[in-house]
Structure formats: C-alpha cells, structure tokens
Amino acid sequence: MEAGAPSPGGVRTVGELGARLRELQVWSGLSYREIHRRVVRSRQERGIAELPAFNTTYRCLSPGRTRLDVELVVDIARAVLGNESRAAEWRQAHQVVSGLAADASVVHVADRVESDEFSFIGRSSTIAAALAALETHHLVLIDGMPGVGKTSLAGRVASQVPDVELQFSVNLRGYDPARPPADPGAVLDGFLRRLGVPGSRIHGLDLSARSGLFSELVAGRRTVVLLDNAASDDQVQPLLADSALTLVTSRRRLTASPDAYRINLEVFEPSESAVLIRRAAGAAVDDEPEAAVQIAELVGHLPLALAALAGRIKAQPEWTLGDHLERLQEHTARLRLDDGVAASLSLSYQALPIQTRRLLRLLALHPGRDFDVYAAAALAGTDRESAQQHLANLVQMNLLEEHGSGRYELHDLVRLLASDQSRDEDPASVRRAALDGLFDYYRKTLATAATAYAPHDQARIELTERAGLSERQFADRDDGRAWLDLERPNLIATALYAADHGRPEYATALSAMLMYYLGTASLFTGAEVLHLTAIRCARSNYERGRSYNNLGALYWRLGRYADGRAAYQHALDYARLAGNRVGEASGLSNVALGHYRLGDYEAAIACQREAFLLFDAEGNLSGMTSALSGQGWPELRRGRPEVALKLFEEGLAISRKLGSETFEEAFALNNVAAAHEALGRLDEAWQGYEQSLELARRLSFVNSECDSLNSLGRLQVAAGRIDEALALHQQALDMAVRLGSRPFTIEVRNDYGHALSAAGRVAEAIVQHRIALEDAERIEDRYEQDRASAALSASHELT
C-alpha cells in the first residue's frame with residue numbers, strides 16, 4: 001500500500017508537515033473514522049493506555065495546525081502505511097521542523113553556587129530570614145525587577161548554608177533576550193549526570209521519572225539548589241526536591257508551592273547605596289554627600305545601575321561626584337529615561353577605552369551564556385593578552401561577571417545594552433567577521449579536543465586536518481574530554497545559531513566532529529538536536545547523507561532500530577545522489593544493521609554483500625571488514641556458525657592489512673572468537689577473546705573491551721568458574737552503562753543474569769533478566785526479549 005505514498009521529506013515547518021500528513025490521508029482513501037480506529041487498535045495492541053479521542057485525530061489532520069503531537073503523527077502514518085520504517089520517517093520529519101527551537105534543551109548545570117562575598121553589600125536581615133526559612137520551608141522564592149540583585153542575594157544565602165554536601169546551580173534563562181527558557185527535562189538531565197547517573201539511563205526517563213529520581217538521590221544529603229532567572233511555575237515545579245534547600249529567582253511572582261517563603265526584593269536602602277558609592281569614591285563622599293545621595297536617587301537605588309556607576313567613579317578619580325552627577329543628569333534627559341538605569345549603564349559603557357567598548361559589543365553576539373578569554377579573543381580578533389586586559393576592565397566596571405573558573409558572563413541588561421550599541425556602531429560586516437572568528441576558534445579547537453578524546457578514530461583525525469591547527473592543545477583523552485564537557489553547551493548553541501544565520505556549514509561540521517563524543521558520553525538529547533539541525537541546513541547531498549548517518553548511529557545506540565534504519569536509508573539515498581560510492585556502501589551496511597536487529601536476517605545479509613562489493617571496488621579495507629562482520633552475525637543467529645567463522649576469519653585477515661593494532665582488528669578477533677564459542681571450541685574462543693581484550697585496552701577502545709569482558713564471563717560460566725564470571729560480567733555491565741549503549745547493556749544483563757543463576761543467586765538473576773526484558777521490549781529487540789523471557793521462566797522454576 002505504501003508505493004507512491006506522500007513522504008515527509010523536505011518539509012521545513014510544522015504547517016508543511018501537517019499539509020503533507022493530510023496528503024497522505026487523501027492518498028490512502030481512508031476516512032477519518034477508519035484512521036482513528038486503526039490508531040486506537042494499534043495503541044491497544046502495543047499496550048499504550050492513552051487512547052486519542054476521534055476529535056483529537058481529526059484535528060491533527062485539519063489545516064492550520066501550528067503544533068502537532070509527534071506520537072499521533074507517527075501513529076497516523078503507521079495506520080495508513082502499515083510500515084514501521086516509513087512511519088519512523090514522519091517522526092524524524094517532526095523532529096527536524098521542531099528542532100528550530102531545540103536550543104531550549106541546551107543547558108549548563110554547575111556543581112557550585114557562585115557568591116562574591118567581598119563585593120556584596122547589605123541585605124543582612126533578608127539573608128538571615130532566608131537562611132531560617134530554608135531550614136523550615138526548604139524553598140525560598142525571590143522575585144524582583146531586573147538588576148535588583150536577586151542572583152547575588154541567592155548566591156550569598158547559599159554560601160552561608162552550613163554543612164552542605166551537594167550544590168547545583170542553573171540559569172533557567174527565563175528572560176534571556178536571545179534564547180528560549182531552559183527545558184526542565186534538560187536541567188534534570190544535568191542534575192542527574194552530576195549525581196553520577198549514566199546518560200543511557202536518563203534518556204529513557206520522562207520528565208516525571210527524572211524528577212522523581214532526582215528527589216530520591218538527594219534525599220538524606222544536605223543539598224542546595226539555585227534555580228536562577230525562572231520563567232514560570234511549570235518550569236520550576238519538576239526541579240523541586242522535597243529535601244533539597246532550593247532558592248528560586250524570577251522577575252515574576254511565582255506560586256510554585258504554598259509553603260514557600262517569599263522575598264520580594266526591593267532596591268537598596270539609601271544607607272546601602274551610600275556604602276556602595278563610598279567604596280568607589282572613598283572620602284570624596286564626605287565632601288559632596290548631597291551629590292552621592294542624588295546619584296543614588298537618580299538611578300532608583302538599583303544595585304546593578306549603582307555598581308556600573310561605581311565602576312565609572314573608580315575609573316575616573318579626577319572627576320568629582322558633582323561631575324558624575326551632572327553627567328548622569330544630562331544623559332538621563334537626553335535618553336528621556338525616568339529611572340536612570342539605562343543611562344547609568346550607558347555612561348559606564350562610554351567611560352570604557354575604545355577597544356574595551358568594542359569587545360563588550362562583540363561579546364553580546366556570543367550565542368552561549370558564558371565564555372573564556374580564548375573565545376573573547378576570537379570574537380575581537382585580537383591576542384589573548386589584550387583580550388584579558390579588556391575583560392579585566394569590564395569586570396572592574398561591573399559590566400561583566402567573572403566566575404572563579406576563569407569564565408565570564410554578561411548580565412541580561414548589559415547584554416541588551418551592548419547588543420543595541422553593536423547595532424548602532426558596528427557594521428553588519430564587522431559583526432559577521434566577529435562571529436566568523438568565534439566559529440573558526442570553536443571548530444579548530446573542537447577538532448583538536450575531539451582527536452585527543454578519540455586518538456585512534458580516523459574520522460576525527462581527518463576532520464582535524466580539514467579544520468586547521470588550533471592554538472589550544474590537549475595532553476590526553478581526559479584533557480580533551482574536560483574541554484568538551486565545559487564547552488558543550490556553547491558548541492551546540494553556536495551550531496544552532498549558525499544554522500539560522502547564514503553559516504549552515506558550521507552546523508554540519510560540528511555535527512560530524514561531535515558525533516563520537518556526544519554518543520560515547522551519552523549526551524543523546526544534544527546529539528539529536530545537533531544532527532537534526534545539520535540535516536535541516538545541509539547544503540549538499542553529501543552533507544545530508546553524512547548527517548543522516550550520524551543520526552542513524554545515535555538511534556542505533558539508543559536501540560531505536562526502526563528510526564535508525566530509516567535514517568540510514570536516507571543516508572544511503574543521499575550518498576547515491578551525491579555519487580559517493582563509499583557513502584553508498586556505508587549506507588547499505590548500516591541499513592543492514594537495522595534489518596539484523598529487527599530480525600530480518602536475509603535482508604541484512606543481502607545488503608552487506610552488496611556493501612562488500614562496493615567497498616572492495618573502492619579499496620576500502622575497513623568497510624570490507626565491517627561488511628563481512630555484518631554478514632557473519634546474521635549467520636550465527638540463523639545457526640550456521642561454520643559459515644560465520646569463514647566470514648569472520650576473512651574479515652580478520654583484511655583488518656590486518658590496515659596495519660598493526662586497529663579498531664577493526666579488535667572487533668574481528670572478537671567475532672572469530674564468537675564463532676568458535678558457538679562451535680563449542682572454547683579454548684580457541686578464550687584465546688581470541690583475550691587477544692581482543694588486550695588489543696582493545698592498548699587502543700583505549702572501550703566498546704570492544706566491554707564486549708570481550710562479557711564474552712569471557714560467558715566462558716567462565718561454561719568452565720564452572722562462577723566467581724570469576726561474575727566479576728567479569730559486573731565490569732562489562734558497568735562499562736556498558738557508562739557507554740550508554742542500550743542494546744549492548746541488554747545483552748550484558750542477560751549474560752550476567754545467567755551467571756547469577758549459576759551462582760545460586762536467583763533473585764538477583766531475576767532482577768537482571770527483568771530489566772533486560774523491559775528494555776528489550778522498549779526497543780523491540782525480539783532476540784534479547786526471547787532470551788530474557790526464557791531465562792525468567794527458568795529462574796521462576798528454580799524458586
């Protein structure tokens with residue numbers, strides 16, 4: 001029925017996707033009622049409790065929709081087409097069009113709350129009340145106008161909470177002038193990672209489950225959480241843990257909990273304003289006390305405006321307070337402002353040296369939240385020493401916030417001022433050149449860090465050579481990983497910005513360079529956002545094919561085999577259009593992986609054979625090895641280990657032509673050993689697994705190391721050495737969970753469960769098999785489902 005069916009390929013907006021869905025309904029000839037019946041029946045068969053009403057289905061197919069329920073879109077496509085892979089295309093299309101606002105999921109969570117105790121002024125009674133309230137209410141809501149000092153107060157309170165074991169801090173971007181509010185699901189992802197929860201586990205949890213797990217993990221541990229710049233109650237509510245001492249700041253009055261202690265933060269008292277001005281002007285205040293009072297009144301005693309003026313007063317000691325007052329009055333009148341806040345910030349800006357002003361304007365262009373001196377220098381097109389001096393000037397003038405980690409951040413109001421000034425003073429060509437410099441810095445440094453993180457990954461090496469040399473170098477894998485972890489939010493934010501502002505090639509390049517890191521670090525949400533963005537803005541069939549391939553690899557790691565196969569099919573189609581023979585071969589091989597996991601072994605073998613011939617014609621030895629492996633494993637599943645062994649041995653021989661000690665050889669050794677194990681040749685299998693393990697460790701190839709450890713565990717069970725088997729399986733399980741590969745985690749759990757049963761620890765075995773079964777059902781892995789079901793039945797008989 002699917003031949004000639006309208007597909008969602010090429011849609012750019014939700015409206016276009018809805019129109020294409022209606023075309024599909026017209027093409028099918030099915031009535032709205034029939035489609036609704038099929039959707040309901042399908043959900044019932046899959047055990048899904050939520051059944052849509054007829055009107056819901058009808059509205060989804062109606063014109064003028066600005067939002068679409070992705071699950072209902074996929075269910076309608078499934079009902080019409082009767083094909084899981086084709087239905088998965090509609091999910092991907094929805095993700096592409098909804099990816100336009102995906103930067104809500106790019107969030108930075110810190111494990112400390114910043115507080116500047118030396119520059120903080122006053123608020124002593126408010127701090128005391130907040131500290132007391134935290135102990136009794138566990139939740140303090142601080143609201144007030146912009147620049148009134150909410151974040152500073154919250155940081156000061158948090159720093160005085162005694163005996164704290166854990167701290168979390170996140171800017172929820174409720175009123176960010178350039179980016180949407182942070183997604184609470186992404187915030188919880190950051191919290192849970194800080195608590196050591198593997199990304200593979202987090203990704204499978206919905207918002208409610210993440211919230212519950214966070215509450216569970218901080219229970220009984222003295223925890224302080226700062227939720228800064230909140231947009232709404234809906235954003236805050238999932239982030240509240242009953243036992244955590246939580247501070248929330250917002251410009252609006254929130255009602256997150258009736259038991260919360262509320263602080264409506266007002267501007268400084270005159271005495272507090274006087275202290276701030278005296279710190280800047282010293283004894284000069286005694287000579288002109290009335291001028292100091294009028295300055296504070298003119299800016300409405302607003303802490304941010306006063307701090308900016310104080311910076312100007314320090315920078316111009318030759319001016320009297322009367323001079324500063326007169327200048328402020330003139331500027332306020334000229335700008336026709338009543339509160340003097342913008343005038344205060346503007347005057348402080350004008351007091352800066354010309355090049356420092358220029359840097360401030362360019363910093364406002366940065367798509368991320370914070371940055372370091374390298375990024376600042378890249379924006380300004382200057383050396384690091386000069387950039388560092390300008391940053392110090394901005395900090396001194398209170399126009400820039402410096403964190404102890406050597407990173408800087410602009411207050412929202414300062415960012416707005418600098419953005420406005422940039423539009424007035426900097427030609428569009430200058431702003432574009434600054435962003436080009438930033439993108440170039442990130443691209444080169446990312447390539448260098450990614451190569452340090454995966455030194456044996458040839459794709460990363462090639463990307464580094466293509467990107468060019470970076471002035472930053474990384475000593476080892478951990479050093480590269482540290483930079484990637486720190487800059488990940490900025491990398492994704494800049495890629496999303498570039499995609500929509502004339503630099504699509506930057507987004508596609510980052511999708512390719514970050515693929516391995518995001519996957520192995522289990523940063524699945526960021527990876528999906530980035531790869532979908534790359535697909536949306538790809539300019540050539542080659543780039544589209546590569547980006548779809550990256551997306552397919554992500555879905556494969558998550559066990560979303562139908563989605564992965566559909567993405568790989570797109571990659572294959574675009575590779576053919578581009579005349580990319582190696583890309584076509586890779587696409588065939590990857591599509592075959594989907595067939596294999598979904599149980600269609602004949603289709604998998606056929607695709608891999610075709611891929612092998614293409615790889616062979618292109619002289620691609622690595623691809624040939626992979627295609628032979630891809631033929632061997634379906635043969636093992638079909639009970640033909642002799643055939644599999646021949647294929648695996650041929651693959652091993654080809655892998656050794658690549659040179660000594662390669663990823664391909666480690667995999668090939670493991671494959672040959674698996675065939676020997678299936679044939680009952682356990683000594684040969686043991687030797688092969690040990691060789692693979694040793695090579696994987698020399699290569700720091702964790703995937704292969706994990707596979708070999710698990711396989712050796714199975715052989716130890718067969719030999720009756722149960723304690724040794726349990727230790728190996730536990731190591732493998734820990735690695736698999738850290739890697740975030742759900743399919744492999746399922747396999748290891750099943751093998752571990754068998755070892756536990758052999759040790760007489762049946763209850764623990766049942767837990768492992770039950771988790772494996774639930775996960776296998778979630779990703780529709782029938783082979784591992786059957787293994788887990790059989791093991792559970794056997795375990796229950798033992799009990």
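Biologist: How many of the six residues of strand E3 (residues 166-171) are buried?

Modeller: Buried means under 20% relative accessible area, with a 1.4 Å probe and protein chains only. Five of the six residues of E3 are buried, so the strand is largely enclosed by the rest of the structure. This is a predicted model: local features need pLDDT of at least 70, side-chain atom pairs count only at pLDDT 80 or more, and totals for chains, interfaces and linings use all residues. Residues are numbered from 1 along each chain as its sequence is written, and side-chain values use heavy atoms, without hydrogens and water.

Biologist: Which residue of E3 is the bridge partner of Val109?

Modeller: Strands are DSSP runs of E with at least two residues, numbered from the N terminus, and two of them pair if DSSP finds at least two bridges between them. E3 runs antiparallel to strand E1 (residues 109-110), joined by two bridges; Val109 is partnered by Val170. With strand E4 (residues 223-230), E3 pairs in the parallel sense over six bridges, and there Val170 has Leu227 as its partner.

Biologist: At what angle do helices H22 and H25 pack?

Modeller: Two packed helices are described by the angle between their axes and the distance between the axes. Axes are lines fitted to C-alpha atoms over the stretch in contact, and angles run from 0 to 180 degrees between N-to-C directions. For H22 (residues 428-453) and H25 (residues 504-520), the angle is about 30 degrees and the axes are 10 Å apart. H22 is therefore roughly parallel to H25, a term for angles under 35 degrees.

Terms used:
Helices (H or I, at least four residues) and strands (E, at least two) are DSSP runs, numbered from the N terminus. Angles under 35 degrees count as roughly parallel, over 145 as roughly antiparallel, 65 to 115 as roughly perpendicular and the rest as oblique. Buried means under 20% relative accessible area, exposed over 50%, partly exposed in between (1.4 Å probe, protein chains only).
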